Structure formats: structure tokens, C-alpha cells
Amino acid sequence: MNISKLLLSFILSITLLTQTSWAQIASTEAIFKQAETLSSKDKIIQFTARQDVAKILAQMDVEPAMIKDRVAAMTDEEASKFANEIDTLPAGGDAVGALIGAVVFVFVILLITDILGLTKVFDFTRTVR
Amino acid sequence: MMSGCASKEPLISTERYNSSSIKVPFVAPRSDLCGATSIEMVSSYWQSITTYTPRLSKEELDARTLIPAKSGTLQVELMATARANGLLAYTLAPTLDALLHELEQQHPVIVLVNRSYSWYPLWHYAPVTGYNKKDQTILMHFSNRPNEAINIATFKRLWERSGNWGVVLLPPEHLPASASSEAFLRSAYNLEKTGMREQAIIAYKSALQRWPKDIDILFALANAYYSSNKLTAAEQYYRKLLSIEPLHPLALNNLSDLLCHTGRQNEAMATIKKADSDNIEIQSIINATQKKILNGCTLQASPKK
């Protein structure tokens with residue numbers, strides 16, 4: 001309870017600080033929000049999205065020293081997308097590693113579909129078309 | 001949106017574009033790191049033909065993109081890392097047209113493909129390095145094979161499984177061939193928001209060469225100059241914007257603020273009086289600026305206790 005209150009007041013103070021120092025300047029952000037500036041509520045949601053991203057990266061075995069930089073490199077929209085859709089977002093990687101776990105059946109099917117030009121799982125296949 | 005009518009498209013779009021072959025240096029993907037190596041290949045391409053210098057080392061690219069538990073790289077982190085490397089990341093419209101258009105202008109495109117089916121997805125990033133019109137093939141640095149020629153029908157199948165996702169990474173002086181002004185501005189602003197304001201300013205300026213009267217780009221450039229305390233340049237672009245759209249409330253507001261800060265209180269007041277908006281939030285900003293000018297242009301640090 002105490003911790004969450006502390007956190008909330010911290011977030012609020014940040015929001016207020018940024019608002020007082022920039023109160024008179026309309027930010028470029030306004031263009032993208034159909035000429036609406038961000039409300040404090042949006043700011044809090046985006047702030048917590050970044051915290052979620054940091055937590056997820058840590059759980060997914062990312063080097064702890066890199067987490068801060070990686071979170072900082074994302075825009076608010078990217079951080080929200082990351083935090084909300086991490087389970088379904090595709091991660092591009094190496095086909096060979098993922099294939100080691102595949103059963104022979106899958107292997108053979110994908111080999112055939114490769115040759116038919118429907119997939120391209122293996123580097124060595126040439127399509128018949 | 002992908003749909004069943006995709007089969008008619010290739011006849012139209014592939015005819016329109018010429019063959020292309022882009023000399024992108026090849027790097028074999030390190031284990032699970034095709035995201036990092038794709039950025040590395042495109043970065044070294046730009047380094048080889050422009051004054052661009054990468055800001056991150058190979059090791060940093062790897063450490064910023066890999067998610068071990070996912071055995072790969074997410075699209076958002078590929079974009080974020082490309083920006084951190086000093087490049088503007090622009091997501092293409094999800095069409096073969098956009099892809100071929102970029103290739104024709106010698107812009108390599110990083111695509112996400114699913115090498116397999118959705119029931120056993122094998123996601124892979126690869127830079128597309130060209131198009132052969134005669135053979136109807138797409139060339140790409142695919143996995144361990146440099147400039148692999150892939151039948152366009154096969155390519156389309158692999159690519160549509162990712163929703164035709166493709167991105168160009170460009171030094172901020174270069175514009176994507178297929179860009180719309182709104183989407184490009186967003187990409188440039190993403191650079192500014194993630195700590196690359198200098199690059200963003202270059203990108204806004206190159207955008208103005210293609211879209212010289214775009215209000216939003218002028219506003220973004222003026223603000224970026226104002227934020228970096230380049231007041232003369234900021235004022236020049238606010239005024240340019242207002243010469244096109246004299247009652248732009250946000251520009252009037254920001255220019256008044258600038259005038260106020262540079263000791264021109266009377267002009268600031270005359271300017272803010274022209275500003276008016278139906279939007280409550282914008283109107284409250286305008287009111288606050290007006291109040292500040294009345295108070296002799298000192299920011300009132302309202303002691304909220």
C-alpha cells in the first residue's frame with residue numbers, strides 16, 4: 001500500500017513538474033493527437049508501460065545492464081505495444097535453432113512445402129517453379 | 001489488410017518498376033540475431049555510400065535487440081535500435097508497390113517474413129537487396145545466403161504472413177521514396193522523442209524540401225529549434241508557418257512565448273491575441289501564455305503545496 005502510494009505521488013510530481021516548466025509551449029505531440037495535448041492520465045499510463053517493459057525484459061533473460069537503454073530507446077507508443085502485446089508479437093530469429101525441436105513429420109512437410117515454393121524454411125531448397 | 005484478392009496485384013505493381021540491385025555488404029546472421037545483423041548490413045551500406053557513421057558497435061546492436069526467451073528480436077526493438085544507431089526508421093505501407101519503389105531508389109528494405117506456416121512460425125528478418133524484373137525474383141540476404149533470388153510468388157507468401165511488414169532505415173538526409181508526409185513526420189519525431197534531436201532536425205529539413213509548405217513539419221522543426229535553444233531559427237520557422245496559415249493557434253502561442261522570452265513583450269501580446277481555439281486544452285495553454293506575458297514574461301513557478 002505504502003509503496004504504491006509513494007510511486008503514485010512520484011509519478012504525479014513528475015507529471016506536474018513537466019507541466020509547470022512547459023506549460024506555455026504547445027508540443028509537437030499535439031499534431032498527432034488531433035490537436036489535443038496529452039492529459040495527465042495518459043502520461044501515467046505511458047509511464048507505467050515503460051515499467052512493465054523493463055520488468056518483461058528482465059523476466060525474458062535480457063542482460064540487466066541493457067534494460068534501461070532499451071526502454072529509453074522506445075517511443076511511448078512502442079513501449080505500450082510491447083507491454084500489451086508481448087505474448088503475440090513475432091520475434092524474428094534463426095530458423096535452425098527453432099527447428100531442432102521439430103519432429104520428423106513437421107520436418108518432412110516443411111521440406112515438401114519448401115520445394116513447392118510455399119515456404120522457405122531451409123536454406124538449401126530450390127523451388128520447382 | 002491482407003485479403004484473398006492479393007493474386008491480382010503482382011501483375012500491376014511488378015510491371016511498373018525497374019530491376020534493381022543494391023550493393024549491401026553481407027553479414028551472416030549470428031545465432032538468433034538476424035535483427036541485429038539486418039541493421040548492421042543496412043548501416044554499413046549507408047556508411048559505404050554516404051557520410052553516415054554508425055553510433056553503435058556490433059556488440060551493442062546484439063545486446064539491444066536480442067530477447068533470449070523469445071530467441072529473436074521484436075519489430076519495435078528493431079526500429080528503436082536502428083534509431084539509436086542514428087538512422088531514421090520508416091515503416092513502409094504494406095504493399096509490394098512500396099517495396100519495389102524503395103528498391104528502385106536504391107534503398108534496401110528490411111522485411112519480416114515467416115519462413116513457415118502460422119501453426120509452426122519461423123520468423124526471420126532479412127534485408128531485401130534487389131528485384132529482377134525479367135526473372136520475377138526478389139533478391140535478399142536470406143539467412144546464410146547473400147543475394148538469394150527468391151521467386152516473387154514464394155516471397156509474397158512468406159511476406160504476407162507478417163502482414164507485409166517492411167522498414168527502410170535511412171540517414172536523416174534521405175527521404176523514403178514511398179513516404180507520405182504524415183508518416184514521415186511521425187518517424188522523424190520518433191527520433192526526436194528518443195533523444196536524437198539533431199538527427200530529427202536534419203530529417204524535418206529534408207522533409208521540407210519535398211513538402212515545403214507542410215504546416216505540421218514547419219511546426220515540428222520550429223519546436224525542435226526552440227527546444228534546442230536556437231531561437232532565431234525557431235522564430236524564422238514559426239513565422240514561415242504563420243505566413244501560410246496566419247491563425248494557427250499553436251504556432252501563435254509558441255511564437256508569443258518566444259517573443260516574450262526575447263524581450264519583445266508588446267509584439268508577444270499582439271501575437272497571442274490572435275490565437276484562439278475550440279479545443280479546451282489548447283485554449284488553456286493560450287490563456288496561460290497570455291497571463292505570463294501580462295506578468296512581464298516571467299514564468300510563475302506556481303508553488304503547488
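Trainee: Why is B:Gln290 called partly exposed?

Mentor: B:Gln290 has 18 C-beta neighbours inside 10 Å; a residue is buried if 20 or more other C-beta atoms, placed from the backbone, lie within 10 Å of its own, exposed if 12 or fewer, and partly exposed in between. Because its count is 18, B:Gln290 is partly exposed. B:Gln290 lies in helix H13 (residues 280-294) of chain B, and its C-alpha atom is separated by 12 Å from that of B:Leu255, 35 residues apart along the chain.

Trainee: What kind of model is this, and how is it numbered?

Mentor: It is a predicted model, in which local features need pLDDT of at least 70 and side-chain atom pairs count only at pLDDT 80 or more, while totals for chains, interfaces and linings use all residues. Residues are numbered from 1 along each chain as its sequence is written, and chains are lettered from A and ligands numbered from 1 in the order in which they are written.

Trainee: What makes the pairing of H10(B) and H11(B) a packing of helices, and which residues form the contact?

Mentor: Two packed helices are described by the angle between their axes and the distance between the axes. For helix H10 (residues 231-244) and helix H11 (residues 249-261) of chain B the angle is about 150° and the axes are 10 Å apart, where axes are lines fitted to C-alpha atoms over the stretch in contact and angles run from 0 to 180 degrees between N-to-C directions. Helices here are DSSP runs (H or I, at least four residues; strands are E, at least two), numbered from the N terminus. Residues are in contact if their C-beta atoms, placed from the backbone, lie within 7 Å, and among those that make this contact are B:Leu231 and B:Tyr238 of H10(B), with B:Leu255 and B:Leu258 of H11(B).

Trainee: How do you know which parts of domain 1 of chain B touch domain 2 of chain B?

Mentor: The domain assignment, which is automatic or from a database, gives domain 1 (4-170) and domain 2 (181-294) of chain B. Six residues of domain 1 are in contact with nine residues of domain 2; helix H4 (75-84) and strand E3 (88-91) of chain B each give two or more residues to that side of domain 1, and E3(B) gives the most, with three.

Trainee: Where in chain A is pLDDT under 50?

Mentor: pLDDT, the predictor's confidence in each residue from 0 to 100, stays under 50 over residues 10-23 of chain A. Where pLDDT is low, the predicted coordinates should not be read in detail.

Note on methods. Two residues are in contact if their C-beta atoms, placed from the backbone, lie within 7 Å.
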